[in-house]
Amino acid sequence: MKTIKKPFILDVETKQLPSILKPLVTEEYRVNQIIEWLYLKKASSFEQFTNIPKDIRGNLESSFVLRTFSNVKKDESILDGTIRYTFKTYDSHYIYAVYLPSDNKKTVCISTQIGCPISCKFCLSGKTKFFRNLSRGEILEQIMHIENDIGGRISGVLFMGMGEPMLNYQNVTSVINTIISKKEMNIGKRHITVSSMGIIPAIKNLANEMHGVRFALSLHATDDKQRKKIIPNNFDSKISDLLQACKYYLKKTNSKLTIEYVLLKDFNDTSSDAHRLARLLKTADLIQPSVQVNLIPYNETKNKEYKNTTQIALLTFKKILKLNGITVNIREAKGLDIGAACGQLGTNNLS
Ligand code: SF4
């Protein structure tokens, strides 16, 4: 297996940087300058660290790697300006990140694993063989690369790309700390969303550690048997237990919760499903202003097992939830023409 020859500097948390840099840099202000170049200015080469003496820059160059991705491929949607980035990792795997521009926000959706072991039936990432977790640096590098490419600052981060973030907990929370740190990337925690199909101990840890980011539960079903069919590796977590964990998350963090629900024709899109979902949320005491249900029309891939819901079923489902006092939103698909929409990120899309 290929390895990186030198340490990847973005893998190192800033609190460890002073000791890692010690042979090269001793003054505290120099370490702070390096942190600024790495995380605020997002320099892509040590050569750009212009307020650092040339000999130190040379030593940094010979001691560390600053970027690891190669062969970056970029596909831009003509429909909505969404950009899908394909990155080749040092060990020759492909991962994806998506840039989602809107009038007042510049959001990125990033990957946390190579492939995904959860294997959701409606998602191409789940059909992509799982290889490994991405390192802290590799997760951050996706954001850095996109900022460098678009030439502007990112204002929001979604952990919704390839992989289950809660199965890469240490690296994901380390990245969250860097994103929200004023000294590093300085993005408000309310502009960060971690999406997970739900691993109960990890949801509770995330709540207890008080990162305060938004949490999105990929629910997609209204009974446990139905959920197991489309999310086979769901750790046998019961829906009722998952919703209790979400309630704990809200109580601890005072943040917001999204329930994600992909609508699959004649599978989970009936009026009975909508009523059952409303009942589940009511029982869990989750019908409240800080909870929103996102209905996601299924973005069809080469997998023909499931079909997208119909417009009438979608609107009926929404109406039933609304009548039950639930805040509900239909998620607009972005980047459909470039395979960048929800559930479309996977190696099968490589051309
Ligand atoms: S939906 Fe999320 S958890 Fe499920 S296979 Fe896709 S990336 Fe993995």
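Which residues are around the ligand? They are Cys116, Ile118, Ser119, Cys120, Cys123, Ser125, Gly126, Met162, Gly163, Glu164, Met197 and Ser218, where being near takes a C-beta atom, placed from the backbone, within 6 Å of the molecule. Keep in mind that this is a predicted model: local features need pLDDT of at least 70, side-chain atom pairs count only at pLDDT 80 or more, and totals for chains, interfaces and linings use all residues. Numbering runs from 1 along each chain as its sequence is written.

**Ligand shell**
- The shell around the ligand splits into 6 nonpolar, 5 polar and 1 charged, with Ala, Val, Leu, Ile, Met, Phe, Trp, Tyr, Cys and Pro counted as nonpolar, Asp, Glu, Lys and Arg as charged, and the others, Gly among them, as polar.

**Domains**
- You get domain 1 (9-63) and domain 2 (70-349), with bounds from an automatic or database domain assignment.
- Their C-alpha centres sit 33 Å apart.
- Domain 1 puts 9 residues into the contact and domain 2 puts in 14 (contact: C-beta atoms, placed from the backbone, within 7 Å).
- On the domain 1 side, that's 4 nonpolar, 2 polar and 3 charged.

**Helices** (DSSP runs of H or I, at least four residues, numbered from the N terminus)
- The axes of H7 (residues 200-208) and H9 (residues 239-253) come within 8 Å and cross at roughly 5°; axes are lines fitted to C-alpha atoms over the stretch in contact, with angles from 0 to 180 degrees between N-to-C directions.
- So H7 and H9 are roughly parallel (angles under 35 degrees).
- Their contact comprises 9 nonpolar, 2 polar and 3 charged residues.
- Just after H11, Gly325 has a positive phi of about 80°.

Conventions: Contact = placed C-beta atoms within 7 Å. Helix = DSSP H or I, 4+ residues; strand = E, 2+ residues; numbered from the N terminus. Parallel < 35°, antiparallel > 145°, perpendicular 65-115°, else oblique.
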